[in-house]
Amino acid sequence: SAAVPLVVLMIVLPLANPRFLTVSNLTSVLLQAAVYVIMALGMSFVLMTGGIDLSQGSLLALTGVVAAYIVENQGSVLLAILASILVGALVGVVNGSVISRLSIPPFIMTLSTMYLCRGLTLVITQASPISISSDTFRWIGSGDFLGIPVPVIIFVTAIIGQFILSYTATGRYILAVGSNREAARLSGIKTRWNECKVYIISGIMVAIAGVVYVARLGAAQANAGQSYEME
């Protein structure tokens with residue numbers, strides 16, 4: 001089982017260092033993992049269909065830069081978040097549409113959008129970081145609610161992702177497409193739409209991770225998220 005190494009670590013680490021299971025340390029571990037977990041949720045949907053999204057790291061940088069640019073120039077945190085999510089969804093639509101409609105291999109398509117997103121990020125920033133002065137926006141990455149860091153609260157939405165995959169028709173359709181695309185099609189499942197859908201989900205989750213990332217860092221950088229899709 002894939003859970004065995006995790007269980008072993010949870011047993012060994014506390015024995016090696018009693019401080020491992022302290023609340024402060026566990027909170028720190030969860031905070032460090034938050035961006036990865038949010039991205040991994042989106043990637044999980046993609047992987048379930050037999051695809052892969054290599055554009056995640058570059059999209060993280062692009063959506064983070066878009067959010068930072070808008071919050072600094074327009075002063076609206078809500079608009080910055082919505083714009084970031086919209087950019088993530090649009091990249092997901094492009095990836096999903098081309099892959100599902102033109103049968104371009106996911107590796108090739110998302111490799112292309114990886115470079116496209118990184119290029120757009122460099123154009124927007126001119127290779128210079130965008131510092132964030134909004135305390136409200138930075139609260140998303142470094143604040144807490146009832147003592148729980150906001151990024152940790154956000155990545156708990158992974159539970160929702162698990163619920164969708166395990167207990168909804170959408171989840172079953174996605175799993176069916178990944179298991180046997182032709183059988184799923186013959187069963188009446190809209191295979192193209194479901195394949196496109198997972199890349200949209202991936203783009204949206206990356207956008208959320210991008211907002212958390214720049215909010216915690218306090219600045220948006222063009223080189224952010226490099227190789228994150230492999231983490």
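The structure is a predicted model, in which local features require pLDDT of at least 70 and side-chain atom pairs count only at pLDDT 80 or more, while totals for chains, interfaces and linings use all residues. Residues are numbered from 1 along each chain as its sequence is written, and side-chain values use heavy atoms, with hydrogens and water left out. Helices are DSSP runs (H or I, at least four residues), numbered from the N terminus.

**Helix H3 with helix H4**

- Helix H3 (residues 56-73) packs against helix H4 (residues 77-102) at an angle of about 150°, and their axes are 8 Å apart. Axes are lines fitted to C-alpha atoms, for helices over the stretch in contact, and angles run from 0 to 180 degrees between N-to-C directions.
- H3 and H4 are therefore roughly antiparallel to each other; angles over 145 degrees count as such, under 35 as roughly parallel, 65 to 115 as roughly perpendicular and the rest as oblique.
- Contact means heavy atoms within 4.5 Å.
- The residues of this contact comprise twelve nonpolar, three polar and no charged. Ala, Val, Leu, Ile, Met, Phe, Trp, Tyr, Cys and Pro count as nonpolar, Asp, Glu, Lys and Arg as charged, and the others, Gly among them, as polar.

- The crossing of H2 past H8 is left-handed.
- Val 37, Leu 41, Phe 45 and Met 48 of H2 make this contact with Ala 158, Gly 161, Ile 164 and Leu 165 of H8. Seven of the contact residues are nonpolar, one is polar and none is charged.
- H8 also packs with helix H9 (residues 169-179), at an angle of about 70° and with the axes 5 Å apart; H8 is therefore roughly perpendicular to H9.
- Ile 164, Leu 165 and Tyr 167 of H8 contact Gly 171, Arg 172, Ile 174 and Leu 175 of H9. The residues of this contact divide into five nonpolar, one polar and one charged.

**Residues in helix H5**

- Thr 125 belongs to helix H5 (residues 106-125) and counts as buried because its relative accessibility is 5%. Buried means under 20% relative accessible area, exposed over 50% and partly exposed in between (1.4 Å probe, protein chains only).
- The side chain of Thr 125 reaches the backbone oxygen of Thr 121 at 2.9 Å.
- Leaving aside residues up to four places away in sequence, Thr 125 touches Val 65, Ile 130 and Ala 222.
- Val 123, also in H5, is exposed, with a relative accessible area of 54%. Val 123 and Ala 222 lie 99 residues apart in sequence and 9.0 Å apart in space, C-alpha to C-alpha.

- Gln 56 is found in H3 and is buried, with a relative accessible area of 2%.
- With residues up to four places away in sequence not counted, Gln 56 touches Met 39, Gly 42, Met 43, Ser 202, Val 206 and Glu 229.

Definitions and conventions
Helices (H or I, at least four residues) and strands (E, at least two) are DSSP runs, numbered from the N terminus. A polar contact is a pair of N or O atoms within 3.5 Å; within protein, one must be able to donate a hydrogen and the other to accept it, and residues adjacent in sequence count only if both atoms are side-chain atoms. A crossing is left-handed if the near helix is turned anticlockwise from the far one by less than a right angle, and right-handed if clockwise.
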